[in-house]
Amino acid sequence: MRLWVVASLGLCLAELLISTVTHLVYGLYIFSSAVAFDIVEILNNHHLRKLRIWETVADIYSKPNIVDADRSRDIGNGPYFEGYEVAPIVLVHGIFGFGKGKLGGMSYWAGAEKKDDRVLVPDLGSLTSVYDRARDLFYYLKGGTVDYGEEHSAQYGHARFGKTYDQGHYPEWDENHPLHFVGHSAGVQVVRVLQQMLAEKKFQGHENSSESWVLSVTSLSGALNGTTRVYLDGMQPEDGKTIKPIFLLQLCHVGVIIYDWLDIAWLKNYYNFGFDHFNMTWQKVGVSGLIESLLGNVGPFASEDWILPDLSLQVSVELNTKLQTFPNTYYFSYATRKTRKLFGVTIPSGLFGIHPLLFIRALQMSQWCYPNNVPLPYKGYNDEDWQDNDGALNTISMLYPRYPVPHPHCWLSPEFKDGHTLQPGVW
């Protein structure tokens, strides 16, 4: 028995070490790539600036009386989209994601925002809760100071007001000027919470809001029902909200607290976890505040007002009971899978078809079972349903809001072609 305990502890520590090193190496790779991209961009811009100067001089002397109207019109700099007949698209990133302007010139969306001026890419807190991110997203679009609500702020121990957007990125947003939303991973839950808030008129000073402000919601590998990965990373399966003592999420907790406490301006401008409204900087809380945060007595990890609890099966089930699928909105979902069956056992589909950061988790998620001594997250839960995954989310979670009660849904047949009628109010 004693040997079994030692062996189990050894395996846990080895897995923790491998996961930590893998995540750190990948994080450093992303950060260094962003810095390298910025350096190249600066050099290119310097070179292009010189070329433009010579081109301008040549134009002046060769065509002194001609004004190039197209050159004087730059539609890419402003937040408005006057003259466009197609509704703009808002891309909402997932956990550890970032928006336009963060991580230098890197793009979370593979450069989609650079292809069309109607594409908006907000930078929301990469680890903040679904609720807080939905509030941030509203004011990013409409403008004004982010208001998290008096009751919510008091309950979770952070400031009521956050960042101020002097000018919204789409201030005319209303039911006559609706938007398309695309959410990746946890981002789709942010959009769904935002739409519910609009329907319930939860934004002070904007009592005319409605669910019709959202024209469509598209989920890309979306966490519509949570993910079992949170338990492998360290969330307690008993409640889906608290963190186990020796797990990857505890290291994440420590790193994020120190990062925010140090409050290095240029670094936070480069990448921000989004916890500024918790006021955890050294200027505001001192060393004693840092210790309290690290011990888990105060801050987002203590109040459970951050993204990981929102991705547990328990909290996702609670969320799905409150969120509606509205009859006049179009809903789409795209699911991914990096596993397959081999002699009746679910395993990763291959070494080369999946990112190294996700391979170990894909294997673990395909074998994970809910503990026998813990209440199941919903009636009818079955471990086998959750085995297929892509290393981050379970495939079953990406299809449509399914638990505790399935929302309206249907499958697009292979015969579906452009011009066929799509049905709103159905995933």
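Predicted model: local features only at pLDDT ≥ 70, side-chain atom pairs only at ≥ 80, totals over all residues.
Local features need pLDDT of at least 70 and side-chain atom pairs count only at pLDDT 80 or more, while totals for chains, interfaces and linings use all residues. Residues are numbered from 1 along each chain as its sequence is written, and side-chain values use heavy atoms, with hydrogens and water left out.

View 1. Rings of Phe, Tyr and Trp (its six-membered ring) pair if their centres lie within 6.5 Å; planes under 30 degrees apart are stacked, over 60 edge-to-face, and the rest tilted. F138 sits in helix α3 (residues 130-142) and W173 in the loop between β4 (161-165) and β5 (179-184), so the pair ties together parts 35 residues apart in sequence. Helices (H or I, at least four residues) and strands (E, at least two) are DSSP runs, numbered from the N terminus.

**View 2. Take a look around W173.** Leaving aside residues up to four places away in sequence, its contacts (heavy atoms within 4.5 Å) include F138, L141, P178 and W213.

**View 3. Seven residues form one aromatic cluster.** Its members are Y231, W368, Y370, Y378, Y381, W386 and Y403.

**View 4. Five strands make an open sheet with parallel pairing.** Their order is β2-β1-β5-β6-β7, and strands pair if DSSP finds at least two bridges between them. At the edges, β2 (119-120) and β7 (330-334) each pair on one side only. I89 stands opposite V119 in β2.
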